[in-house]
Amino acid sequence: MLWIKNGIVIDPKNKVDGEKMDVFIKDGKIVDESEVNKEECKVIDANNKLVVAGGVEMHAHIAGSKINVGRTMRPEEMRIVRHTANKLRVSLGRVLLTSPAIGYEYAKIGYTTAVEAASPPIGSPHTHEELDAIPIVDKAMLPVFGNWHFVFKYVAEKDREKLKAFIAWAIERTKGYGVKVVNPGGVEAWMYGGNVKNLEDEVPNWGVTPKEIITELVKSNEELDLPHSVHLHCNNLGNPGNYQTTIETMKLVSGLANKKRQTLHVTHVQFNAYAGSSWRDVASGAEEIAKVVNSMDNVTIDMGQAIFGHATAMTGDAPFQFTLHKLTGSRWVNKDSEIEGGAGIVPIVYLPKNPVHALQWAIGLELGLLVDSDKVVLTTDYPNGGPFTEYPYVMAMLMSRKMREKELERVSPYVQKATSLPAIEVEKTLYDVIQMTRSLPARVMGMENKGHLGIGADADVAIYSINPDDVDPAAQYELINSEFRKPVYTIKGGEIVVKDGAVVAESWGRTFWVDARKKVSLESIDEDLNSFFSSYYTIQRKNYGIQEEWLRNPVRVEVN
Amino acid sequence: MLILKPKFEFDVSVEAELTPELAEKSLEEIKNFRVWYGKFEKTLGELFDVQKEGDGKKLLLDGDFSKVKWVGSGMDDGEIVIKGNIGANCGAYMKGGRITIEGNADDWLGAEMKGGEIIVNGNAKNLIGCAYYGNPSGMQGGKILIEGDAGNYIGEKMAGGTIEIKGNAGDFIGTEMKGGEIIIHGDCGYAGGDMKSGTIKIGGEFDLLPTFRKSEDGWTGDILVGGEGKILKI
């Protein structure tokens, strides 16, 4: 039992904005004062300190074949030693961290939940093994659907019942959490050396379009009522002029509604918010996108903020990774996953003086500033845009125009004419950034017990040495940037895991997965599964997927 | 000047980033300098006899140092003289000063060095002036002179500076080279694979890749990567 005393709480989900109050923890949950025996509580003095829920990372690449191949192809990343083995596991990595380092580094900035945002379905046993090797944080993973032959087939046949059955089957087999879609149709086209540019382009051999794939997946996802909406990486990513594709895509879901959450989450939008017609006249399309997002009540986005320095691009968007390799001349690996999709990896360094990199950096911030705080989640699309360990920098930037002005001095002047960042006066509040890093991502993911401090919530708490009553984030941006990097305490499931910015204990989080089998008829797709496995797969159907008992700490979320 | 002699024959490698600045410290500080002996952290005094003569920025390594790695790593000034053989990574990341090796050198000699001078009176092994795996550039400046022979992968991803080998060398000379100069007086195997720029001068026999074009005074390539590197006969 824990008693967090006199903290100043910001809890956007429960509309608490800087109220001095006590938080009680029992059996890994936040409980009412009446449920604890105060004399038996361990007391944490949070006087004049900020008390918030543990951070929720809703889009990062932290486990699976992509990041592991990335580690193999980037030995230089493994030369930075973060922890030598003693009480804790050894942890390595500059930006591309090893599994233990991922858990520790999240805890060290006050984050307690992290979602792997794209797992090739056939690789899910590996993904889960790696997730199980990440200490402290709670986890979930999203298998990719947008280029899976079954999806094309059922979309082409306009058979939504079978598509729903397939989604439920696939999510159960992979122990996944929701429907991820990456460049729908484009990765399939890539297998013939092409890509799809527009929502109306046909996918080779299938006679379906990205528009149909997205619409059908969204409608199936809604009819199944999964906790998370479709999680979409748009077509045309990384190409000048793509902001229009992004806007057209968002409009596909207008008319759909869900009381609990959005009906479409568009991810790392920074990479999909470019205006212009080539890299010579590329500019920001963030303002237009922000207008559309703000006008719709069923779409959320995350930033995909670029951070200056080392990063590694890795996505299920194989054709884009090839383009990036050609553009930068950097190393490149592409991976195909049978009839399910593909992925690519390319190392990258974002340089402030490079006009394109500076533009990407500025667009991420524009999105963070111009989109309402209950619709945009703070992410770097780790490790694509940069390390998640820089979230405090992004938080400070969103809160301080003065800091942005200072940073603008060191970046390419190209951003002055190609973006609106220098003119943006918005300064987000502490409440806003706590919303963007806690309550909103939890709501986007449909994780009811995460991201807030209400009764019954998971006892994931971060305490920072910031006094909301006293601090002026716009002026004291350095304090914000440094204090969010070293929580006084990170508490995960009621256990103190970080004290004064250092990891003090190792715990093992849970892995959430969604079971929607009750809502569908699995028999309806049985024959198709058998036929696809015998004809096209390298493994047999009975060997496909994973059993719940193989996971270290599974939590089944049943959809009724 | 600081004189170091191994106290016993090392069973496993010693990782000691010894630079000439060490000679300027007090004897006690020098003896307490932390080094790794296999997986154990030791002090310099536990492994070596330490003797100090004056305050000059100079190290004299007397005896068999063939298991001692990272000597002169990152040094920017002063001098190191090695009376016998030296272990791997000697002079890696070096920025200035001079290292003289009277015996033989191991792998990774002068890897990623930026300046200064390394002279080897004996032979050297592989990967001289290379980039560590995954890094974009190898040697960027300075000079490495080897009186004897050298191994494979000399000057991979080299971007500047000079490597001169008086004897023969192995295969894969100047692979992915971007600048600088490699001079081999004797024979060598394949040279210049994927080279973009820079010069390789060879005195003896060597294997030419089919991706090099004959030019006025030698060959240009590697055309596979649109390179403008030069291979010249001397």
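Two residues are taken to be in contact when heavy atoms lie within 4.5 Å. On this basis, 4 residues of chain A are in contact with 4 residues of chain B in this predicted model, where local features need pLDDT of at least 70, side-chain atom pairs count only at pLDDT 80 or more, and totals for chains, interfaces and linings use all residues. Residues are numbered from 1 along each chain as its sequence is written, chains are lettered from A and ligands numbered from 1 in the order in which they are written, and side-chain values use heavy atoms, with hydrogens and water left out.

Buried area is the accessible area (1.4 Å probe) that two parts lose on being put together, summed over both. Between chain A and chain B this area is about 300 Å², and carbon and sulfur atoms give 41% of that. On the side of chain A that touches chain B there are 1 nonpolar, no polar and 3 charged residues; Ala, Val, Leu, Ile, Met, Phe, Trp, Tyr, Cys and Pro count as nonpolar, Asp, Glu, Lys and Arg as charged, and the others, Gly among them, as polar. The interface of chain A and chain B has 0 salt bridges, a salt bridge being a side-chain nitrogen of Lys or Arg within 4 Å of a carboxyl oxygen of Asp or Glu.

Chain A contains 17 helices and 26 strands, assigned as DSSP runs (helices H or I, at least four residues; strands E, at least two) and numbered from the N terminus. The C-alpha atoms of chain A occupy a box of roughly 65 × 55 × 50 Å along the principal axes.

An automatic or database domain assignment supplies the domain bounds. Chain A is divided into domain 1, residues 2-53 + 455-503, and domain 2, residues 148-445. The contact between them draws 23 residues from domain 1 of chain A and 18 residues from domain 2 of chain A. The centres of the two domains of chain A, taken over C-alpha atoms, are separated by 32 Å.

Domain 1 and domain 2 of chain A bury about 1700 Å² between them, with 70% of it on carbon and sulfur atoms. In domain 1 of chain A, the residues that lose the most area to domain 2 are Pro12(A), Tyr477(A) and Phe484(A), together 35% of what that side buries. The rule finds 1 salt bridge across this domain interface. A salt bridge joins the side chains of Glu390(A) and Arg485(A) (2.8 Å, N to O).
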